[in-house]
Amino acid sequence: MNRRRTFALVAFLALVAFCSVILTFVPRIDLAAALLIGILPAGYDIWDQLFRRSPKSPE
């Protein structure tokens, strides 16, 4: 895994950790829903950009 992927994953894990700390200290259902609305698209974007194979260019 190259440095770019590593930093992207570390940043995403930091986002998830930060949101889980917020949710631990303020346990509300509406806050959990708002955090999921932010985390799920970010997780999909990480998966799409880092782990999906790009199509090979015709040579």
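Here is a short tour of the structure above, one selection at a time.

**Before you start**

This is a predicted model, in which local features need pLDDT of at least 70, side-chain atom pairs count only at pLDDT 80 or more, and totals for chains, interfaces and linings use all residues. Residues are numbered from 1 along each chain as its sequence is written, and side-chain values use heavy atoms, leaving out hydrogens and water.

**Stop 1: helix α2**

Select residues 29–51, which form helix α2. Helices here are DSSP runs (H or I, at least four residues), numbered from the N terminus. With 23 residues, α2 reaches 31 Å from its first C-alpha to its last, close to the 33 Å expected at 1.5 Å a residue; the expected span is 1.5 Å times one less than the number of residues.

Which residues of α2 are buried? Colour Leu35, Ile39, Ile46 and Leu50 to see them. Buried means under 20% relative accessible area, exposed over 50%, and partly exposed in between (1.4 Å probe, protein chains only).

**Stop 2: the partner, α1**

Show side chains in the contact (heavy atoms within 4.5 Å). Among them are Leu9, Phe12 and Val16 of α1 and Ala42, Gly43 and Phe51 of α2.

**Stop 3**

Click leucine 31, in helix α2. Leucine 31 is partly exposed, with a relative accessible area of 24%. Leaving aside neighbours within four places in sequence, leucine 31 is in contact with Ile22, Leu23 and Val26.

Move to threonine 6, in helix α1, which is partly exposed at 33% relative accessibility. How far is the C-alpha of threonine 6 from that of leucine 50? They are separated by 9.7 Å, although the two residues are 44 apart along the chain.

**Stop 3: a charged pair**

Finish with arginine 28 and aspartate 30, whose side chains meet in a salt bridge at 3.2 Å, N to O. A salt bridge is a side-chain nitrogen of Lys or Arg within 4 Å of a carboxyl oxygen of Asp or Glu, and the count by this rule comes to 1. Aspartate 30 is partly exposed, at 45% relative accessibility.

Key
Helix = DSSP H or I, 4+ residues; strand = E, 2+ residues; numbered from the N terminus.
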